[in-house]
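Here is a short briefing for a first look at this structure. Start with the view below, then read on by topic.

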Amino acid sequence: MSKTNAVVIYASKYGTTEAYAKDFATALDLPVCDYHKCPALAAEPGIEKVYVFAPIYRRTVAGLPEIAHVFDPDIVERVFVVGMTDPEDKETIQFLEDQVHDYMPRASVSLLGGKIDIDKVSTSDKMLLKVMYAFEKRKAMGERTPTEQRLVEMVESRQTDMTDMTLIEHLLENLQKN
Ligand SMILES: Cc1cc2nc3c(=O)[nH]c(=O)nc-3n(C[C@H](O)[C@H](O)[C@H](O)COP(=O)(O)O)c2cc1C
């Protein structure tokens, strides 16, 4: 695959999405940039492809409006969505894909596993997780979606690591074939 004029942009609060983005960019030898700092990069002429890495917070893919504001949404090739969403949870995945397509209609979407250490998140995120947890715990087990069940388990175990960098290698193999 030609690496010409492609860039990697990420949003990340606790570093997991950033690590995926940097691995991907290093493997393809592409410039990589936090979305808060990317306007200068976006102003460079001739960018033809954008790869986005973005985490999920409260069922929302972070950074999409900001990135779509700075880069032409039509050149966003793929959005890698990072979180605890269960790959079998088709309904939630569709919901996330719809969010991406609202901003970046031509992008394909890939799901990557997230990571959390509850003792290291901000006080407001701890509060938020507490509220989400209490809400889910009120439901009977069978009423939770697979992702809601994962979020419950994530809070109970305090540390969860679903990252899998080999997924990036598989994706790279596929990109290089095309
Ligand atoms: C407050 C909070 C809310 C979250 N909500 C979701 C969610 O709705 N769906 C999901 O799949 N993952 C959710 N996660 C998990 C994060 O997406 C995951 O920890 C991800 O790795 C964070 O990426 P970052 O380290 O790049 O910020 C949540 C995490 C926190 C702390």
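Thr 147 sits in helix H6. Helices here are DSSP runs of H or I with at least four residues, strands are runs of E with at least two, and both are numbered from the N terminus. The model is predicted: local features need pLDDT of at least 70, side-chain atom pairs count only at pLDDT 80 or more, and totals for chains, interfaces and linings use all residues. Residues are numbered from 1 along each chain as its sequence is written.

**Thr 147 and its surroundings**
- Thr 147 counts as buried, because it has 22 C-beta neighbours inside 10 Å.
- The cut-offs are these: a residue is buried if 20 or more other C-beta atoms lie within 10 Å of its own, exposed if 12 or fewer, and partly exposed in between, with C-beta atoms placed from the backbone.
- Leaving aside neighbours within four places in sequence, Thr 147 is in contact with Met 84, Thr 85, Asp 86, Asp 89 and Thr 92.
- Contact means that the C-beta atoms of two residues, placed from the backbone, lie within 7 Å.
- Thr 85 is 62 residues from Thr 147 along the chain, yet their C-alpha atoms are separated by 4.9 Å.

**Helices H5 and H6**
- Helix H5 covers residues 123–137 and helix H6 covers residues 146–157.
- They pack at an angle of about 125°, with their axes 10 Å apart.
- Axes are lines fitted to C-alpha atoms, for helices over the stretch in contact, and angles run from 0 to 180 degrees between N-to-C directions.
- H5 and H6 are therefore oblique to each other.
- Angles under 35 degrees count as roughly parallel, over 145 as roughly antiparallel, 65 to 115 as roughly perpendicular, and the rest as oblique.
- From H5, Leu 129, Met 132, Tyr 133, Glu 136 and Lys 137 take part; they meet Glu 148, Leu 151, Val 152 and Val 155 of H6.
- By class, this contact of H5 with H6 has six nonpolar, no polar and three charged residues.
- Ala, Val, Leu, Ile, Met, Phe, Trp, Tyr, Cys and Pro count as nonpolar, Asp, Glu, Lys and Arg as charged, and the others, Gly among them, as polar.

**Gln 99 in helix H4**
- Gln 99 belongs to helix H4, residues 90–103.
- Gln 99 is partly exposed, because 19 other C-beta atoms lie within 10 Å.
- Not counting residues up to four places away in sequence, Gln 99 touches Thr 60, Val 61 and Leu 64.
- Ala 140 is 41 residues from Gln 99 along the chain, and their C-alpha atoms are separated by 28 Å.

**Two loop arginines**
- Arg 58 lies in the loop between strand S3 (49–57) and strand S4 (60–61).
- Arg 58 is not a glycine, but has a positive phi of about 50°.
- Arg 58 counts as exposed, with 10 C-beta neighbours inside 10 Å.
- Arg 158 lies in the loop between H6 and strand S8 (159–161).
- Phi of Arg 158 is also positive, near 65°, in a residue other than glycine.
- Arg 158 has 11 C-beta neighbours inside 10 Å, so it counts as exposed.

**The whole chain**
- The protein chain has seven helices and eight strands.
- Its radius of gyration is 17 Å, close to the 16 Å that the globule rule gives for 178 residues, so the chain is as compact as a globular protein of that length.
- That radius is taken over C-alpha atoms, and the rule is 2.2 Å times the number of residues to the power 0.38.
- Along its principal axes the C-alpha trace spans about 50 × 35 × 25 Å.
- Buried residues make up 28% of the 178 residues.
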